[in-house]
Amino acid sequence: MVTPASVLLTVMAHPDDAELWAGGTIARHVHDGGAAIIAVPHRDAVRDAEAAAGASILGAGLYLMEQLSVSIVTAVLREVRPDVLITHPASDIHPEHRQCAEAVLSALPDVVIATGHPKRAYHSDGYNNLDREGHPLRLPTIIDVSAHWPAKISALRAHASQPIIDHFGPMAEALGRLHGRRINSAHAEAFRAVPILGQLPAAAGL
């Protein structure tokens, strides 16, 4: 159950990553009364504008980081103080996704000790649900995003400079249906809880 004060933060490597891996979950969180912020590194005028457009469609705010580093991620976490955090898998195929995940994981302990936030953290899906070794990512937390799928796809298509129609869009659809079948829904997104100071969330959902 999302409370009005609940803040969801995604820290991702690329301007379209939040939409691709967690767009439906972001839209659902906002619809249920929470707030959402997408943090991604600054790229260029075109991609930054696309990131702003995609975030707006999902109802989220946008935080443009100067670069991906532990110190900057730490500053973002301290400023936003999210209740829920989503980032890439540490075993992601993409090296920049792994760099992002490592920066987040490095920042988490001191930030949580200092602020008490985030309360819960999760790894997202990756390309075709595979890790860097070619094994399926283990993502036991499944979020039904069927009602918010159109918003996710619309936000993803805001990134017109990227190969959305021929590449990322079809992959998103395939993954959404794959995870949806696991809970008998049309579309779902999947995540794995990250231990925070050795503790995992008690609840099954985000």
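Asp32 and Arg28 form a salt bridge, with the closest N and O atoms 3.9 Å apart. A salt bridge here is a side-chain nitrogen of Lys or Arg within 4 Å of a carboxyl oxygen of Asp or Glu. The model is predicted: local features need pLDDT of at least 70, side-chain atom pairs count only at pLDDT 80 or more, and totals for chains, interfaces and linings use all residues. Residues are numbered from 1 along each chain as its sequence is written, and side-chain values use heavy atoms, leaving out hydrogens and water.

**Salt bridges**

- Side chains of opposite charge can pair when their charged atoms come close.
- The whole structure holds five salt bridges.
- Asp32 has a relative accessible area of 37%, so Asp32 is partly exposed. Arg28 is partly exposed because its relative accessibility is 32%. Buried means under 20% relative accessible area, exposed means over 50%, and partly exposed lies in between (1.4 Å probe, protein chains only).
- Asp16 pairs with Arg47, and their closest N and O atoms are 3.6 Å apart.
- Helices (H or I, at least four residues) and strands (E, at least two) are DSSP runs, numbered from the N terminus.
- Lys152 and Glu189 meet through their side chains in a salt bridge of 2.7 Å, N to O. Lys152 belongs to helix H5 and Glu189 to strand E7, distant parts of the chain that are 37 residues apart. Lys152 and Glu189 are both buried.

- All five residues of strand E1 (residues 7-11) are buried, so the strand is largely enclosed by the rest of the structure.
- One side of E1 carries Val7, Leu9 and Val11, and the other carries Leu8 and Thr10; both faces are covered.
- E1 pairs with E2 in the parallel sense, over five bridges. Two strands pair if DSSP finds at least two bridges between them.
- E1 also runs parallel to E4, joined by three bridges.
- Thr10 stands opposite Ile38 in E2. Thr10 also stands opposite Ile86 in E4.
- E1, H1 and E2 build a right-handed β-α-β unit. Right-handed means that, with the strands pointing away from the viewer, the path from the first strand over the helix to the second runs clockwise.

**Nonpolar cores**

- A nonpolar core is a set of buried Ala, Val, Leu, Ile, Met, Phe, Trp, Tyr and Cys residues joined through side-chain atoms within 4.5 Å.
- The largest core has 32 residues, and those with the most contacts inside it are Leu20, Trp21, Ile26, Ile38, Ile86 and Met171.
- Elements that give two or more residues to this core include helix H1 (17-31), strand E2 (35-41) and helix H6 (164-182). H1 supplies the largest share, six residues.
- A second, separate core of 22 residues includes Ala39, Val112, Ala121 and Val194.
- Trp21 touches residues beyond four places away in sequence, among them Met12, Lys152, Met171 and Glu189. Touching, or contact, means heavy atoms within 4.5 Å.

**His187**

- His187 lies in the loop between H6 and E7. His187 counts as buried because its relative accessibility is 8%.
- Beyond four places away in sequence, His187 touches residues including Ile143, Trp149, Glu173 and Arg177.
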